[in-house]
Amino acid sequence: MATTLTDSQKPFSLDPYHVSDVFGFILPAPLTELPPYYQPWMDIAQHVTELIYSHTLRSHILKMPLLNTRFLESHRELRLAHLALSVMTMGYVWQEGENDTVKILPRNLAVPYWKVSQRLGLPPILTHADAVLANWKKRDPHGNLELLVTLPGGDSVRGFFMVTLLVELAAVPAIKSIPLVINGVQCGDAETVTRALEEISQAMEGMTDALKLMHAYVKPDVFYGIIRIYLSGWKDNSSMPAGLVYEGIQAEPMEYSGGSAAQSSLLHCFDELLGVKHEENCGAFLTRMRNYMPSSHKHLIQDISLQPSLRGFVQQEASELLTAAFQLCVTKLMALRSYHINVVSCFITIPAARARQLRRQGNSSQEETVSRAPTALEETGTGGSGIMSFLKTVRDRTRDVSLPLDNRAMQKSTNGAQPQNTQYTTHQTHLQSNTF
């Protein structure tokens, strides 16, 4: 029987966490320019790719003035500054590949980068929050999208970041439904919880559909042979075993993980909502990845974990439709994670095997892009995890929260979930028409 919230039980809301009803975790309307004082940053950041290819990025950065960060006032200014400084840093470190990395990030880049990072609560390295959530603009009034800054990889790097952005966009209805689930559990409103869970499962399916676009817009050999190194960090990376010194910050080197899908807040929210518990090593890595998220998004994940157990509520209610809606969410989350494994196999495991074969044969003429890929990342993700074993373990732990289910109830729940994510569908159309 449903009840109302008491005065001491305020309704759970997304408002305190800077989550948009339209864009979810994506930064709405990112700035495209910084104040004129910071033009030296933008002049380099917007040409990082060309400067890397000409092997002159490091020399340009060394000539860059040391700028004061106090003139950055708004959150959007700070996010664009962090994005610009991040792509410069990744290019500076990896300009010559894994065999000629640097040990010191120069003061004129390291000091402002550190200060901007401290103000945002982000680490001084390129993160998912930078490269995906804050790295987009409308190319025209029709909603076609473009990157603000880019890295080597041509159309494939653009496709990689844009498809990942569409996965985030597809999740928006699910994010908006999380408060409905939490408040419904607190009030004992099984009907509201059921409807919200059906919306979440539909959005998860949309996320999987968006992820499938990766095959159309990213070439595996380009991702593995060119793009991947520029997403790599200096923690758990044999190319930079000592880390990186941020000159002017401290004399000892620091270690930071590279970009990872685990830095997206989406699956962390779903795991906490559904009660998915991860094994010690996987759980420690996922927890560490939360430090690479905007602080407000990290706090949302933590606060979801403190709410009454959804799974316990479903078991207590013993409603076939509610149980079916919960189980459908688990099934769709498992399907999403299984498809991510498929993507990793296509874009990392298979190219890595081919690269090893070419090196053994001493022949790189036919597949030069794959054969020149960094060897240090063959067994790990750019975030530093043992990628396939990690992903399979995380998927298997998702299965553990499954509940027994009547097949007829599951069919009713599946039929009742109707797609409402028209915003994702619109942007998917732009992708399919090759216009983004």
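Predicted model: local features only at pLDDT ≥ 70, side-chain atom pairs only at ≥ 80, totals over all residues.
User: Why is Ser 156 called buried?

Analyst: Ser 156, which is found in helix α7 (residues 154-170), has a relative accessibility of 6%, and because buried means under 20%, Ser 156 counts as buried.

User: Why are Arg 397 and Glu 279 said to form a salt bridge, and which parts does the pair tie together?

Analyst: The closest N and O atoms of Arg 397 and Glu 279 are 2.9 Å apart, and because the limit for a salt bridge is 4 Å, the pair qualifies. Arg 397 lies in helix α18 (residues 387-399) and Glu 279 in the loop between α12 and α13, so the bridge ties together parts that are 118 residues apart in sequence.

User: How do you know whether Arg 397 and Glu 279 are buried or partly exposed?

Analyst: Arg 397 has a relative accessible area of 18%, which is under the 20% cut-off, and therefore is buried, whereas Glu 279, at 40%, falls between 20% and 50% and so counts as partly exposed.

User: What makes the buried residues of helix α14 lie on the same side?

Analyst: Ser 296, His 297, Leu 300, Ile 301 and Ile 304 are buried in α14, and they cover an arc of only 150° around the axis, which puts them on the same side of the helix.

Terms used
Residues numbered from 1 in each chain as written. Heavy atoms only, no water. Helix = DSSP H or I, 4+ residues; strand = E, 2+ residues; numbered from the N terminus. Buried < 20%, exposed > 50% of the residue type's maximum accessible area, 1.4 Å probe, protein only. Arc of directions from axis to C-beta. Salt bridge = Lys/Arg side-chain N within 4 Å of Asp/Glu carboxyl O.
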